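User: I'm new to protein structures and would like to learn how to read one. Could you walk me through this one?

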Amino acid sequence: MKKIFILSVMLLFAVTSVNAQSWIEKLGKKTVDRAVDRAKQKTEDKVNEKVDKSVDKVFEETEDAVTGKNKDKTKEKDNDGDSVEKSGGNKPQAAPAKFQSFGQYDFIPGDKILFYEDFSQAAIGDFPLGWTSDATGEVRTVNNAPGKWFYLTDGFFCYTKPIDLPKNFIIEFDFIPEDEFGGGFALQLYQDDQNKEFSNNYWAPGINLGIIAEGWECTNPAEEEGIKAYSTKVPLIDQQPRHVILWAQDRRARVYTAGQKVIDSPTLISTTLKPNRLKLYFRTNSGHGYISNIKITTAAPDTRSKLITEGKLVTYGITFDVGKDIVKPESYGVLKEVATALKEAPAVRIRIIGHTDSDGDAAANLDLSRRRAASVKNELAKSFGIDASRIETDGKGEGDPIAPNATAQDKAKNRRVEFVKL
């Protein structure tokens with residue numbers, strides 16, 4: 001095997017030297033000969049190294065097959081439904097990437113889920129139950145993001161049931177624009193007590209969060225003038241998922257995406273309307289797109305009161321990639337609030353507990369929940385200066401649900417991180 005590689009390389013140099021005669025004449029034959037000899041030697045060394053590695057790999061695999069080593073290596077389902085490779089025991093993952101905080105990312109999610117839709121209950125290729133439309137659409141999968149996605153074409157897509165929204169609330173979703181997307185998508189929260197669905201024309205009275213050619217737009221058609229806020233700092237990238245958040249507090253509306261706040265309007269939300277419906281809209285000829293993981297929660301809790309006074313804080317704002325234990329940068333706001341509470345009460349010790357839903361293997365879920373809790377502790381210590389000796393960690397996996405794990409919304413309630421005062 002080695003000789004074949006070496007002869008092939010020498011033949012290549014021979015052909016090259018014939019085609020480079022003029023270059024040889026300029027530099028001198030001896031100089032070129034030395035260079036060729038050095039190159040051939042390096043190439044031979046490289047070839048030998050690769051062949052040796054290949055042979056070693058074959059011997060290792062053969063030895064494993066004979067001895068039964070690593071035969072317990074299996075593909076299991078993690079708590080998010082993805083296949084993950086688990087090789088005997090609780091093998092830790094590779095060292096996580098350095099945590100990066102988002103300076104203007106002051107968003108803190110609420111502690112109660114009011115609505116959740118990830119289309120997991122729908123079959124691929126079907127129109128999802130609970131939705132209606134004057135256009136066509138279907139549930140699909142994509143190759144660069146997990147889960148199921150609702151593919152939207154030109155038209156309205158209305159959720160058929162009312163949603164009881166409080167005065168202060170948060171809505172989040174993931175959006176993927178189709179290739180050559182030109183803007184024209186909007187998520188609308190509006191008031192429709194009679195469930196007219198499509199009778200409100202393009203812009204229903206309420207809150208409209210849109211993506212247009214100029215950037216992000218937030219409007220309130222119920223107001224005479226209407227207030228629009230644009231941002232061109234964070235353009236969408238075709239075919240790439242983007243997480244979007246709208247935080248409504250009294251009349252104030254804030255929009256976050258790609259780790260930064262792109263809109264902050266103090267008087268956008270109407271004082272007379274009470275949105276109770278959800279609608280998605282694509283304008284004709286603007287390109288199509290995909291949406292998933294639509295979540296509505298209550299507004300952010302008083303972190304200090306929940307943790308220090310009440311003794312427990314449940315949060316859905318500390319997030320991880322599917323099947324991973326690496327804390328995502330979007331968790332910065334929650335971690336900062338927890339760290340501030342701990343700094344204000346230096347005698348307090350806490351336990352961090354990770355939880356999953358029941359999807360996948362129970363043992364894998366338990367291991368994942370424990371690793372995630374440990375990662376949260378590490379970030380509080382490394383990034384926020386909290387003494388690690390004040391923090392204990394634990395994981396319950398799927399063993400301590402707060403909902404039945406029967407629907408996507410209930411499963412979302414069970415995927416959480418808890419902080420408990422000791």
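**Reading the rings, helices and contacts**

Analyst: Let's start with a group of rings: Phe115, Phe119, Phe127, Trp131, Phe150, Phe157 and Tyr159 make up one aromatic cluster. Keep in mind that this is a predicted model, where local features need pLDDT of at least 70, side-chain atom pairs count only at pLDDT 80 or more, and totals for chains, interfaces and linings use all residues. Residues are numbered from 1 along each chain as its sequence is written, and side-chain values use heavy atoms, with hydrogens and water left out.

User: How do I read an aromatic pair, and how many aromatic pairs does the structure hold?

Analyst: A pair of aromatic rings is described by the distance of the centres and the angle of the planes. Rings of Phe, Tyr and Trp (its six-membered ring) pair if their centres lie within 6.5 Å; planes under 30 degrees apart are stacked, over 60 edge-to-face, and the rest tilted. The structure holds 16 such pairs. One of them joins Phe119 and Phe150, which are tilted, with 5.2 Å centre to centre and 55° between the planes.

User: Where do Phe119 and Phe150 lie?

Analyst: Helices (H or I, at least four residues) and strands (E, at least two) are DSSP runs, numbered from the N terminus. Phe119 is in the loop between β3 (113-117) and β4 (131-133), while Phe150 is in strand β6 (residues 145-152), so their pair ties together parts 31 residues apart in sequence. Phe150 also pairs with Phe157: the centres are 5.5 Å apart and the planes at 85°, so this pair is edge-to-face.

User: Is Phe150 buried or exposed?

Analyst: Buried means under 20% relative accessible area, exposed over 50%, and partly exposed in between (1.4 Å probe, protein chains only). Phe150 has a relative accessible area of 0%, so Phe150 is buried. Phe157 is buried too, at 0%. Across the protein, 43% of the 422 residues count as buried.

User: What sits over the ring of Trp247?

Analyst: For a charge to sit over a ring, NZ of Lys or CZ of Arg has to be within 6 Å of the ring centre and within 35 degrees of the ring normal. Over Trp247 you'll find the charged end of Arg254, 3.9 Å from the ring centre. Likewise, Lys279 lies over the face of Tyr190, 4.7 Å from the ring centre.

User: Now helices: at what angle do α5 and α6 cross?

Analyst: Axes are lines fitted to C-alpha atoms, for helices over the stretch in contact, and angles run from 0 to 180 degrees between N-to-C directions. The axes of α5 (residues 332-344) and α6 (residues 362-384) come within 10 Å and cross at roughly 70°. Angles under 35 degrees count as roughly parallel, over 145 as roughly antiparallel, 65 to 115 as roughly perpendicular and the rest as oblique. The two helices α5 and α6 are therefore roughly perpendicular.

User: Which residues does Phe419 touch?

Analyst: Contact means heavy atoms within 4.5 Å. Leaving aside residues up to four places away in sequence, Phe419 touches Leu307, Val338, Val376 and Leu380, among others. Phe419 lies in strand β21 (residues 416-421) and is buried, at 0% relative accessibility.

User: And how about Asp250: what does Asp250 touch?

Analyst: With residues up to four places away again not counted, Asp250 touches Lys167, Asn168 and Ile269. Asp250 lies in the loop between β13 (242-249) and β14 (252-257) and counts as partly exposed, at 42% relative accessibility.
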